[in-house]
Structures are given as C-alpha cells and as structure tokens.
Amino acid sequence: MPSREAAIARATAEFDGGAFRDRLAALVAIPSTSQDPAAAPESRRYLEEGLRPWLARLGFTSEVHPNPETGCGPILTATRLEDPARPTVLLYGHGDTVLGLEKAWSPGLDPWTLTERDGVWYGRGTADNKGQHVVNLAALEAVLAERGGRLGANVKLVLEMSEELGSKGLRAFVEGQRDLLAADALIASDGPRVEPGLPTIAAGSRGSFMFDLVVRLRQGGVHSGHWGGLTRDPAILLAHAIAAIADQHGRIQVRDWLPGETVPPAIRRALEGCPVGGGEGAATIDEGWGEPGLTAAEKIYGWASFIVLAMTCGNPASPVNAVAPEARAACQIRYTGDSDTFRFEPALRAHLDARGLQAVSIERAGIRMPASRTPPDAPWVLWTKASMERSLGTRVQVTPNASGGLPGDVFVDLLGTPLVWVPHSYNGCKQHGPDEHVIPALLREGLAAFAGIWWDLGEPGTPAR
C-alpha cells in the first residue's frame, strides 16, 4: 500500500541517486539572467525547454504568457486540477537570475555550470531560485508516483522571469489571472533559513523602500585652497544627514519609520528562542548594532533597518584639490508589514529640516518591493509546521516574515492567500554575488519536507476543508 513514509523515501532516494542533481545542473546551464536584455531568449528557453515538458509529465496544463510590462521576462502558469472540492495550493518561483559575473567567480567555478566542491554545489540560481522550486516539484513527482498518479488535491504554479528586476509586471499579471490562480494558500520557497540547520517557515517578507540623499551646491568644483572653509562642502552635509538618520550604533533616529515603540507582542512571541546564523562565510552579527533591547531575530524579522547602499562625492579613484559640487547616497529602508510607508518620506524631510539640513534633498523615493505578512499562528502556517515536523523529526522555526524581499504582497492583496514560505537555502549562500551555492543536505531535507506536505495535502484535515 502507498504510504507517507514511502513517498518521502522515494523523494530522497531520487536525490541520493543523482537524478535531482542532474536536473538542477541542466537548469543552471540555461543562463536565464533577467538583468541582461541580450539574454531574453534564455528566459523563454528556461520555461519552454526546462520546465514545461517536466510539468506535462506531472499532469499540469501549462502556458507561457508575455509579461504585461514591456521588456520584462515571460510568466509561466500551470494547473493540475483533480477535484474542486479538495484544497488548492499555489506554488511560486522564479527562473531568472542576477548577472553571472563570470570573471569574479573563484578559479575553476563557472556560474552556468553546477560544480561540486567542498561538499556544496556552486552555480548561479542554485539557491536563488532554481534549486528551490526544483525541490518542490521533485517532491510532488515522488508523491504522485507513490500514489499512482493521484494527489488528492489541486496544485497551481506561477513562475516568473523578472523577479531580479523587482517582479515587474507580476502584480498586473496576477490581477488579470485571478480566476486561473485562485487558491487556498501559497506554499512556496525562496530565501534563507534562520540558520542552516533549522528548518524554517516565513509567513511573509520585509519590504524595501529606496531613496537617494542628494546635496547639489554648484555647477563645478572650486579650489580647496581658495574656497575650503568658506564654501559649503556637500560631503560634510551628506555625512551629517546620514548621521542624523542613524547613530553610530546603527539605531534609527527617524522613529516614525518604525512599527511602534517596540516589537509587537505577537511577533515577539513568535520569535522567542529564534536563532540567527548565516553559516560559514557569512557576515558577522555585531553586538550592540541596531535597536537596543532587541534580539538579533527581532531586529531582522520584526523591525526596520536603514542601510547606505552606495555614496559618492568627487572621484575617490582620482581625487583633486577641490570642494566638490555634489554628493549623493543611495539609501534603503528594510521594513515590516506593520509599518506605515506613507510616512517614510515626509518623516525624513521633517527630521532633516529640524536639524538645519534643508540643503539635502530626497530623490527617487518609493517602495521597491512591498512588505507582506500572514499572522505566524494562521491555520495554514501551523498546518505546514506540523507536517514538516512530522516528516523531519525536528522542530521548525516560524518567523513572521523573511528578512529579505519577496513578492508575497501580490498574492495576499489580489488572491487573499495566506503566505507560507519554506526556504531551502541559508544566509551564507552568496546569492547575487560570485560563488553562489547551495548545501545539498538542505535541498534533500527540503525534499523530505515537501513530500510530506504534498502527501498531507491529499489527506483529510487541511485548513481549507
């Protein structure tokens, strides 16, 4: 008789036998970066050649649609419907990647070749996001095989090819396909675990609000000997503006950016005992940096952070004896779903003006990726947690949102689906940079977890029914 345990064993056996690695290697070999317009044909090839034949074998009906936004990658939808009375889960993923950065990878590594070294798999997209959606589909394949081709539930998939451009066009597309994509819950994978060894569920994601601080004082530079000490220096004004936003310990001084006086009690309870760790090769957690009185988990899952992404004044590579005419800093707020983004820019303007920094302008301010959040104790979150803990025999950490950005707001706002993100990567994976990689053990564990999820979805007792 088919069994849950046999389905999980089938999934992990495929992994151990090398079939999973071969499939992922073939997809990594497609250089589907969305950040190079010349690579646009590769995005379509990823969907048409890499995924659609596999989806057809799994019983999906799929279609590749043009992106509503000109110049952005196509979007694939796939549906596998067995019984409208049974639960329907929506999968999400993205097959596009950032630029390969071929020349910056370590010797012997290539972004478009899956390479095993020192116990990890290197390749662009292994972590973000090819490896992650391949895990979920491979687990589904194992369960279907164990159950003789029947799941006992319905599955839909939307897979975009412009996530690395900020998911341009995705909202408009989903709005036009509400009926096609209607589901009881979104259960998908992207981003990192809280630490490599701890299976994680994130019930949303932090958002990203971008703005530039700019000081323009004159048309060109003036002699530093004749004018230094007499005319305003834009770099000094810019430095004071940044120092006014966050103190020397990284504590945000623009308090209207924050979700409240402190982390809300429900979020604090969800994060109690939650570790934070990027694994070997990740950045350090600096004690005393950020909001005092918060744990590391509360700082990145329940609070806002301010980051200076880049800043320039003059030509640092070849400085001249001049007071520069202009200084600029590209800045970012990572914020949670309980923050009021409409207050971000006016609060900053009032904060700078109160400190005599009217010469500092705020430009190009706006949301890059909205925040989203499902209550961490929502029924679908708790159901998935219980399923994973049964499959893996270990505790699963639930966070109210991921620390990075994901397009979950699109599905919450337009489809009303609760969000259940189950990441298969970790903070030290070097996604977006050279030497992106995954830890095979995390992918294997993800296969076991999702095989259990797919099995349980076909059983009685889901939150939808």
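This is a predicted model: local features need pLDDT of at least 70, side-chain atom pairs count only at pLDDT 80 or more; totals for chains, interfaces and linings use all residues.

Visitor: What makes H1 and H14 roughly antiparallel to each other?

Guide: The axes of helix H1 (residues 4-16) and helix H14 (residues 440-457) cross at roughly 150 degrees and come within 9 Å. Angles over 145 degrees count as roughly antiparallel, and therefore H1 and H14 are given that label. Their crossing is right-handed.

Visitor: Which residues make the contact between H1 and H14?

Guide: On the H1 side they are Arg-4, Ala-7, Ile-8, Ala-11, Thr-12, Phe-15 and Asp-16. H14 contributes Pro-440, Leu-443, Arg-444, Leu-447, Ala-448, Ala-451, Gly-452, Trp-455 and Asp-456. By class, ten are nonpolar, two polar and four charged.

Visitor: What meets what between H2 and H4?

Guide: Phe-20, Arg-23, Leu-24, Leu-27 and Val-28 of H2 are in contact with a set in H4 made up of Lys-130, Gly-131, Val-134, Val-135, Ala-138 and Glu-141.

Visitor: How do you know that the buried residues of H11 are on the same side?

Guide: The buried residues of helix H11 (residues 344-353) are Phe-344, Ala-347, Leu-348, His-351 and Leu-352. Around the axis they cover an arc of only 130 degrees, which places them on the same side of H11. In general, an α-helix has 3.6 residues a turn, so residues three or four places apart point the same way. Among the elements covering the buried residues of H11 are strand E10 (207-216), helix H8 (234-245), strand E14 (326-335) and strand E15 (361-369).

Visitor: What makes helix H13 mostly covered?

Guide: Six of the eight residues of H13 (residues 408-415) are buried. They are Gly-408, Asp-409, Val-410, Phe-411, Leu-414 and Leu-415. After H13 comes Gly-416, with a positive phi near 70 degrees.

Visitor: Why is His-437 called buried?

Guide: Its relative accessible area is 6%, and buried means under 20%, so His-437 qualifies. His-437 is in strand E19 (residues 437-438). Beyond its neighbours within four places in sequence, His-437 is in contact with Val-120, Trp-121, Tyr-122, Thr-126, Ala-127, Tyr-426, Gly-428, Cys-429 and Lys-430. Tyr-426 is eleven residues from His-437 in sequence, with 9.6 Å between their C-alpha atoms.

Visitor: Ala-304 is in a loop; how do you know that Ala-304 is buried?

Guide: The test is the area, and Ala-304 has a relative accessible area of 7%, against the limit of under 20%. The loop in question runs between helix H10 (296-301) and strand E12 (305-313). With residues up to four places away in sequence left out, Ala-304 touches Arg-206, Ile-252, Trp-257, Leu-258, Ile-333, Arg-334 and Tyr-335. Arg-334 is 30 residues away along the chain, yet the C-alpha atoms of Ala-304 and Arg-334 are separated by 5.4 Å.

Visitor: And what makes Ser-62 count as buried?

Guide: Ser-62, in strand E1 (residues 61-65), has 15% relative accessibility. That value falls under 20%, so Ser-62 counts as buried. Not counting residues up to four places away, Ser-62 touches Arg-52, Leu-55, Thr-77 and Ala-78.

Visitor: Why is Lys-430 called partly exposed?

Guide: Its relative accessible area is 41%; partly exposed lies between the buried limit of 20% and the exposed limit of 50%. Lys-430 is in the loop between strand E18 (419-421) and E19. Leu-101, at 34% relative accessibility, is also partly exposed.

Visitor: What is there to say about phi in Lys-430?

Guide: Lys-430 is not a glycine, yet its phi is positive, about 65 degrees. Leu-101, in the loop between strand E3 (88-94) and strand E4 (115-117), has a positive phi near 55 degrees. Most residues other than glycine have a negative phi, and most peptide bonds are trans.

Visitor: Which peptide bond is cis?

Guide: The bond from Asp-128 to Asn-129 is cis, with omega near 5 degrees. Asn-129 lies in the loop between strand E5 (120-122) and H4.

Notes: Residues are numbered from 1 along each chain as its sequence is written. Side-chain values use heavy atoms; hydrogens and water are left out. Axes are lines fitted to C-alpha atoms, for helices over the stretch in contact, and angles run from 0 to 180 degrees between N-to-C directions. Helices (H or I, at least four residues) and strands (E, at least two) are DSSP runs, numbered from the N terminus. Angles under 35 degrees count as roughly parallel, over 145 as roughly antiparallel, 65 to 115 as roughly perpendicular and the rest as oblique. A crossing is left-handed if the near helix is turned anticlockwise from the far one by less than a right angle, and right-handed if clockwise. Contact means heavy atoms within 4.5 Å. Ala, Val, Leu, Ile, Met, Phe, Trp, Tyr, Cys and Pro count as nonpolar, Asp, Glu, Lys and Arg as charged, and the others, Gly among them, as polar. Buried means under 20% relative accessible area, exposed over 50%, partly exposed in between (1.4 Å probe, protein chains only). The arc is that of the directions from the helix axis to the C-beta atoms.
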